[in-house]
Amino acid sequence: MAGMSFFIDTTRCTACRGCQIACKNWNQNGAGMTKNLGSHQNPPDLDENTFKLVRFSESEVNGKPVWYFFADQCRHCLEPPCKDAIAGYVDGGVIHDEETGAVVYTEKSKEAPIDDVRGACPYDIPRARQDGRIVKCTMCLDRVKNGLIPACVKVCPTEAMNFGTRESMLELAQKRLAYLKAKYPKAQLLDPDEVRVIYLVVDDPAKYHSHAVASLGSGIDRKLALRRLFRPAKTLAQSFRLV
C-alpha cells in the first residue's frame with residue numbers, strides 16, 4: 001500500500017501542544033469555548049475548531065503521578081468506514097486521495113448525519129460545524145500537494161511527529177519499536193496495518209485514550225449497514241461503480 005503516513009512516537013511527546021496550535025492556525029480555525037476539567041486537558045475534546053488534540057491522561061502508580069500524552073487526530077484509514085457512512089447518504093461527500101491516501105470531507109458531507117458518520121469511525125474523530133459540514137484532519141493535503149509536510153509535523157520540536165512515504169514511516173516505526181521493547185515490554189504500534197497515522201505507545205493503549213485503537217474491525221454498525229442495504233438500487237450501483 002503506497003501513499004503517505006504519519007508516525008507519532010508518544011515517548012517523545014512533551015505535550016507542548018505545538019502541533020495542536022499549528023493545525024488550528026493552518027486551517028484558520030477559530031477559538032471555541034472551553035472549561036477546566038481539573039487537568040491540563042484543553043479543550044476537553046475534539047470539536048469543529050480543533051482537528052488535532054493533545055490528550056492528557058493522568059494516573060497514579062506506586063504513589064507517583066504518571067502522565068500519558070496522545071496527539072489525537074484522524075487516522076486516515078486505508079479502508080475508511082466514514083467514507084462508506086457518508087456515501088450512504090450522498091455521493092461526493094468524501095475525497096479519498098489516491099496519491100497520498102488522505103481522507104478529506106467536502107461541503108456535501110453536511111448531507112450526512114454526524115451521528116452516523118461519527119459512529120462509524122472506530123477512533124471517534126469526525127465533528128460537525130454549525131452549518132452541518134463534517135470536519136476533521138485533512139492531512140494538510142494542500143501543503144503536501146505542494147511538497148510541504150503537514151503543519152503539525154513541521155512545528156514538532158522533539159520529532160514525536162513524523163511524516164513521509166508509508167514505507168519509510170513503517171520502517172521508522174519498526175526501528176523505534178525494536179529499540180524501546182527492551183525497556184518497555186508493552187511497547188507496540190497501534191493498528192499499523194489499518195491506518196496511515198501510526199502511534200507508538202509503551203503501555204496499555206487504553207491508558208492513553210479510550211479510542212486509541214479500533215475496538216472493532218469495522219466501524220460500520222448494524223443501523224448504518226441496513227440503511228445502505230435499502231438505498232435506491234441506482235445509487236448503490238453508482239457507489240460501487242457498476243453503472
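Predicted model: local features only at pLDDT ≥ 70, side-chain atom pairs only at ≥ 80, totals over all residues.
**Exercise 1.** Determine which strands pair with β1, and in which sense.

Solution. 
1. Strand β8 (residues 161-165) pairs with β1 in the antiparallel sense, through five bridges. Here S5 faces G164 of β8.
2. Strand β10 (residues 197-201) runs parallel to β1, and four bridges join them. Here F7 lies opposite I198 of β10.

**Exercise 2.** Work out why β1 is described as largely enclosed by the rest of the structure.

Solution. 
1. In a regular strand, side chains alternate between the two faces of the sheet.
2. On one side of β1 are M4, F6 and I8, and on the other are S5, F7 and D9; all are buried, which leaves both faces covered.
3. Six of the six residues of β1 (residues 4-9) are therefore buried, and the strand is largely enclosed.

**Exercise 3.** Find which residues have the most contacts inside the largest nonpolar core, and list contacts of F163.

Solution. 
1. The largest nonpolar core holds 38 residues, and F6, M161, F163 and L189 have the most contacts inside it.
2. β10 contributes the most to this core, with five residues.
3. A separate core of eleven residues includes V94, A112, V117 and I134.
4. Beyond its neighbours within four places in sequence, F163 touches M4, S5 and F6 of β1, among others including M139, V144 and M169.

Note on methods
Residues numbered from 1 in each chain as written. Heavy atoms only, no water. Buried < 20%, exposed > 50% of the residue type's maximum accessible area, 1.4 Å probe, protein only. Helix = DSSP H or I, 4+ residues; strand = E, 2+ residues; numbered from the N terminus. Pairing = 2+ DSSP bridges. Core = buried A, V, L, I, M, F, W, Y, C linked by side-chain atoms within 4.5 Å. Contact = heavy atoms within 4.5 Å.
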